[in-house]
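Subject: Structure handover

Hello,

Here is the structure I promised. Please open it alongside this note; my findings follow below.

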Amino acid sequence: MANKVHPQASVSDPSSAGRQTFTVWMKSLVCHTNGCTVFDSKGDIVYRVENYDSKGGCEVQLMDLQGNILYSILSKKLQIFGCWNGYRVGTNKEQPCFTVKKCYSIFRREIACQVTVGFHMYWIVRLGRKNQGFKILNMTGDIVAEVKQKQVSSGVVLGEDVLALEVEPYMDHSLIVALVTVYGLINRRL
């Protein structure tokens with residue numbers, strides 16, 4: 001059941017029982033490529049993203065540690081405002097699992113993107129300035145994930161390329177990492 005297309009992780013997934021914290025390092029494990037590496041709270045690599053094109057490239061792959069592709073993320077061409085589709089491997093290539101559209105609003109500058117996952121709607125909302133992070137909200141305004149610059153327990157803030165990702169219980173971690181990836185692509189960080 002963990003391969004569901006909707007954003008909820010299966011209840012039987014023990015990793016989803018409580019709030020999960022990940023570290024996102026905005027560097028690729030492969031030399032001379034753009035991407036990022038995601039570590040769990042124990043320091044183990046759980047996801048990696050490879051972008052073999054230039055920063056902000058048209059297609060990236062979200063993979064697990066073994067290199068199995070979980071999502072192919074493609075930029076839709078001819079979209080003025082920026083639109084990205086995510087396709088889960090093993091599902092219909094005609095129908096994206098999720099769509100992220102960049103928002104331009106004069107009145108609500110904090111909203112950066114609208115996310116559609118099946119019948120569910122989410123918003124990516126900026127936290128202050130561009131590099132202060134962002135959060136992903138569901139339709140009722142509840143935070144389902146939050147990304148900020150990583151700070152160690154002694155209070156030292158790490159570099160701009162090291163982020164802390166907190167995911168609320170029962171959310172599909174790979175979907176959230178895919179959304180973080182798209183936001184990185186939109187901001188040309190990958």
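How many residues does H1 have, and how far does H1 reach from its first C-alpha to its last? H1 has 14 residues and reaches 20 Å. That is close to the 20 Å expected at 1.5 Å a residue. Bear in mind that the model is predicted.

H1 covers residues 173–186. The helix is mostly covered, with 14 of its 14 residues buried. Just after H1, Arg188 takes a positive phi of about 55 degrees.

Ser174 is found in H1. Its relative accessibility is 6%, so Ser174 counts as buried; the cut-off for buried is under 20%. Beyond its neighbours within four places in sequence, Ser174 is in contact with Tyr47, Leu62, Leu70, Tyr71 and Arg88.

Arg88 deserves a look. Arg88 and Ser174 are 86 residues apart along the chain, and their C-alpha atoms are separated by 9.8 Å. Their side chains make a polar contact at 3.5 Å. The side chain of Ser174 also has a polar contact of 2.8 Å with the side chain of Asp172.

Now the strands. Twelve of them, S1 to S12 in running order, form a closed barrel with antiparallel pairing. Neighbouring strands of this sheet are turned by 20 degrees against each other on average, direction ignored. Strands S1 (residues 20–25) and S2 (residues 34–39) run antiparallel and are joined by three bridges. Thr23 stands opposite Phe39 in S2.

Best wishes

Key: Residues are numbered from 1 along each chain as its sequence is written. This is a predicted model: local features need pLDDT of at least 70, side-chain atom pairs count only at pLDDT 80 or more; totals for chains, interfaces and linings use all residues. Side-chain values use heavy atoms; hydrogens and water are left out. Helices (H or I, at least four residues) and strands (E, at least two) are DSSP runs, numbered from the N terminus. Buried means under 20% relative accessible area, exposed over 50%, partly exposed in between (1.4 Å probe, protein chains only). Contact means heavy atoms within 4.5 Å. A polar contact is a pair of N or O atoms within 3.5 Å; within protein, one must be able to donate a hydrogen and the other to accept it, and residues adjacent in sequence count only if both atoms are side-chain atoms. The expected span of a helix is 1.5 Å times one less than its number of residues. Two strands pair if DSSP finds at least two bridges between them. Axes are lines fitted to C-alpha atoms, for helices over the stretch in contact, and angles run from 0 to 180 degrees between N-to-C directions.
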